[in-house]
There are 2 protein chains.
Amino acid sequence: MSRYWSEIAKSLTPYVPGEQPKLPDLVKLNTNENPYGPSPKALAAIRREASDDLRLYPDPEGSRLKAAIAANFGEIKPAQVFVGNGSDEVLAHIFLALLKHERPILFPDITYSFYPVYCGLYGVAHETVPLTDSFEIRPDDYFRANGGIIFPNPNAPTGRALPLAGIQRIVSGNPDSVVVVDEAYVDFGAESAVALVNSHPNLLVVQTLSKSRSLAGLRVGFAVGDARLVEALTRVKDSFNSYPLDRLALAGACAAIEDHEWFERNRHAVVKTRSTLSDQLAALGFEVLPSSANFVFVRHRQHDAGKLAQQLRERSIIVRHFKLPRIEQFMRITVGTDEQCAALVSALREILSA
Amino acid sequence: MSRYWSEIAKSLTPYVPGEQPKLPDLVKLNTNENPYGPSPKALAAIRREASDDLRLYPDPEGSRLKAAIAANFGEIKPAQVFVGNGSDEVLAHIFLALLKHERPILFPDITYSFYPVYCGLYGVAHETVPLTDSFEIRPDDYFRANGGIIFPNPNAPTGRALPLAGIQRIVSGNPDSVVVVDEAYVDFGAESAVALVNSHPNLLVVQTLSKSRSLAGLRVGFAVGDARLVEALTRVKDSFNSYPLDRLALAGACAAIEDHEWFERNRHAVVKTRSTLSDQLAALGFEVLPSSANFVFVRHRQHDAGKLAQQLRERSIIVRHFKLPRIEQFMRITVGTDEQCAALVSALREILSA
């Protein structure tokens with residue numbers, strides 16, 4: 001710390017992302033990256049854009065990408081789309097533009113751990129709403145005075161999805177608040193709330209290209225909702241950084257969104273592997289929460305999760321373990337390739353039988 | 001506006017960047033882009049990075065880029081370097097982490113127009129300090145109580161540079177404040193204050209790869225200063241977006257920083273063209289402020305600047321005109337290629353003699 005720091009800088013408790021070790025031969029199942037490379041069309045578009053035109057600023061509005069995203073959803077107009085430097089940046093702008101009110105916002109007690117960090121950054125009051133004992137979001141728990149509501153669907157790190165009817169119940173029951181549904185993992189099996197945005201002016205849906213488009217390294221996220229909600233985000237963005245997306249990210253993201261065939265093939269492959277992995281883990285005695293994401297959240301009644309994660313690490317397999325109340329006996333395991341998952345299951349079998 | 005907007009979202013007056021028209025055959029001299037393409041080594045590095053590895057998150061710390069920047073300066077350690085998604089994002093974090101104090105910050109009355117926007121975004125009080133009649137920063141004007149000081153060097157949009165001795169005077173005279181020197185244009189002829197950071201713990205220097213590295217389209221900026229100042233920025237960054245720089249930007253930026261030969265050749269070419277352009281504009285009766293940047297700031301006593309800019313636009317040449325007090329009779333003209341500058345001079349000759 002130093003006397004030059006602002007009070008905000010002193011008070012922050014920053015988010016800690018999953019580690020990105022620079023080791024070879026690692027089975028890396030800790031940060032929910034897609035095990036397969038992105039669309040070859042996205043890679044080709046990026047290579048084409050790596051030209052002398054990089055001397056020029058990108059389109060500050062990202063108009064072509066907004067149009068591609070809108071067209072991909074169908075009933076959505078480009079003015080209903082906001083794009084940013086990863087969904088984390090999009091979420092940050094949402095907290096400042098749409099969730100900072102007098103009343104505290106609500107989010108689940110077990111959820112994406114960046115939410116309370118944004119609250120600290122922007123001075124947003126918040127209250128947490130406990131998940132049920134089976135780690136589900138119960139819509140009726142969100143019927144109380146609030147300054148806004150945010151939750152991931154499927155939730156992280158549980159992987160459990162809330163059906164569209166439940167989301168609609170929360171959104172309809174809170175007409176005076178913005179409800180943000182953070183759909184980072186939605187393409188792996190949950191129902192998207194984008195279907196509800198045209199009938200609900202208080203609903204904002206956030207998605208990312210990091211997971212189901214295999215582009216975590218490109219940093220592109222977006223939000224879809226009523227054009228007036230998007231306008232608030234644009235005002236904050238234009239007061240922060242005019243050009244959040246570089247030319248390569250814009251070009252690659254457009255091509256990725258437009259490659260429907262790659263997208264369908266990829267997500268089905270991940271879902272198929274998840275199903276096999278879940279069965280194998282259950283056979284080893286793990287409780288596996290029903291997952292609609294590209295990871296599984298599991299615990300073993302006879303084995304400590306922190307210790308298991310450590311033993312896996314000794315075998316060059318890394319998974320994520322959160323030392324947090326209610327979930328400290330769980331491991332979050334990213335769905336890798338079939339080979340990676342087989343290596344994980346084999347290592348766990350060895351550890352459990354030792 | 002909508003009832004869902006936060007008070008902040010309602011109150012903002014966003015920054016308006018120079019336009020990025022999508023017209024062909026335009027002589028685009030309005031946003032200070034470098035007229036030459038970036039280092040071929042940077043383009044090659046980007047193409048190499050456009051691989052299946054894009055499925056993986058980037059290094060959240062940007063360690064290799066920090067090391068490359070530190071090595072490029074010599075006496076600087078990687079822990080003294082902060083990297084961000086363009087210098088605009090770096091500046092935004094600086095306003096929140098290091099310039100938000102009880103006392104108002106100081107910046108020139110004529111300067112980068114994003115500074116008051118950041119103040120609005122984060123609730124930072126500010127006072128402006130008039131430039132002299134010849135549009136110079138006078139260091140002694142900054143000897144008064146303040147919560148921080150920020151100015152570009154060379155200043156924008158004037159292009160005038162403050163010599164290193166003047167910067168040192170401001171930094172030494174304000175030991176209780178952070179002094180931020182925004183060196184977006186420094187490589188075109190001013191002295192960098194990076195030479196002072198090891199002896200002044202309250203000095204932070206910001207640079208960008210947008211101008212002198214021809215990478216406006218890649219969005220990479222950085223700050224150099226005392227490690228404790230950098231730590232405050234890192235805390236804010238890690239509370240906002242863990243991965244502000246994508247893999248392509250990190251790879252391209254490293255290669256660009258390391259290509260010394262390209263860098264020297266490019267900046268000397270721009271400086272040479274600036275010199276010719278300045279002489280030719282003076283011969284046409286323009287007052288040309290002495291520029292240390294990749295643009296010139298000029299006025300003509302007999303011709304209205306707004307009208308001149310409009311007449312140039314009708315000839316497919318765009319320059320920047322600010323409708324602001326004290327400078328509304330100036331045009332800011334980016335130094336283009338020799339051919340672009342010849343086209344500009346020829347068009348102006350025609351307009352003035354009409």
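At 56% relative accessibility, B:Pro40 counts as exposed in this predicted model. The residue belongs to helix α2 of chain B, which spans residues 40-49. Although B:Pro40 and B:Ser11 are 29 residues apart along the chain, their C-alpha atoms are separated by 44 Å.

The side chain of B:Asn202 reaches the backbone oxygen of B:Asn174 at a distance of 2.9 Å. When residues up to four places away in sequence are not counted, B:Asn202 touches B:Val171, B:Asn174, B:Pro175, B:Ser177, B:Val178, B:Val179 and B:Leu229, and also A:Tyr4 of the partner chain.

Helix α3 of chain B (residues 63-73) has as its buried residues B:Leu65, B:Lys66, B:Ala68, B:Ile69 and B:Ala70. The elements that cover these buried residues include the strands β2 (81-84) and β8 (221-225) together with helix α8 (247-258), which belong to chain B. Following α3(B) in the chain is B:Gly74, for which phi is positive, near 95°.

Further along chain B, helix α10 (residues 305-314) and helix α11 (residues 338-352) approach each other, their axes coming within 10 Å and crossing at roughly 120°. The crossing of α10(B) and α11(B) is right-handed. To this contact α10(B) contributes B:Leu308, B:Gln311 and B:Leu312, whereas α11(B) contributes B:Leu344, B:Ala347, B:Leu348, B:Ile351 and B:Leu352. By residue class, the contact between α10(B) and α11(B) comprises 7 nonpolar residues and 1 polar residue, with no charged residue taking part.

At the level of the whole assembly, the arrangement of the chains can be described through their superposition. In general, two copies of a chain are related by a rotation about an axis and a shift along it. Here, chain A is superposed on chain B by a rotation of 180° with 0.0 Å of shift along the axis, at an RMSD of 0.0 Å. This is the relation of a two-fold axis. Within chain A, the C-alpha nearest the axis is that of A:Arg47, which lies 2.6 Å from it. As 100% of the interface residues of chain A are also interface residues in chain B, the copies meet through the same surface.

Notes: Residues are numbered from 1 along each chain as its sequence is written. Chains are lettered from A and ligands numbered from 1 in the order in which they are written. This is a predicted model: local features need pLDDT of at least 70, side-chain atom pairs count only at pLDDT 80 or more; totals for chains, interfaces and linings use all residues. Side-chain values use heavy atoms; hydrogens and water are left out. Axes are lines fitted to C-alpha atoms, for helices over the stretch in contact, and angles run from 0 to 180 degrees between N-to-C directions. Helices (H or I, at least four residues) and strands (E, at least two) are DSSP runs, numbered from the N terminus. A crossing is left-handed if the near helix is turned anticlockwise from the far one by less than a right angle, and right-handed if clockwise. Contact means heavy atoms within 4.5 Å. Ala, Val, Leu, Ile, Met, Phe, Trp, Tyr, Cys and Pro count as nonpolar, Asp, Glu, Lys and Arg as charged, and the others, Gly among them, as polar. Copies are superposed by least squares on the C-alpha atoms of residues with pLDDT of at least 70 in both. A polar contact is a pair of N or O atoms within 3.5 Å; within protein, one must be able to donate a hydrogen and the other to accept it, and residues adjacent in sequence count only if both atoms are side-chain atoms. Buried means under 20% relative accessible area, exposed over 50%, partly exposed in between (1.4 Å probe, protein chains only).
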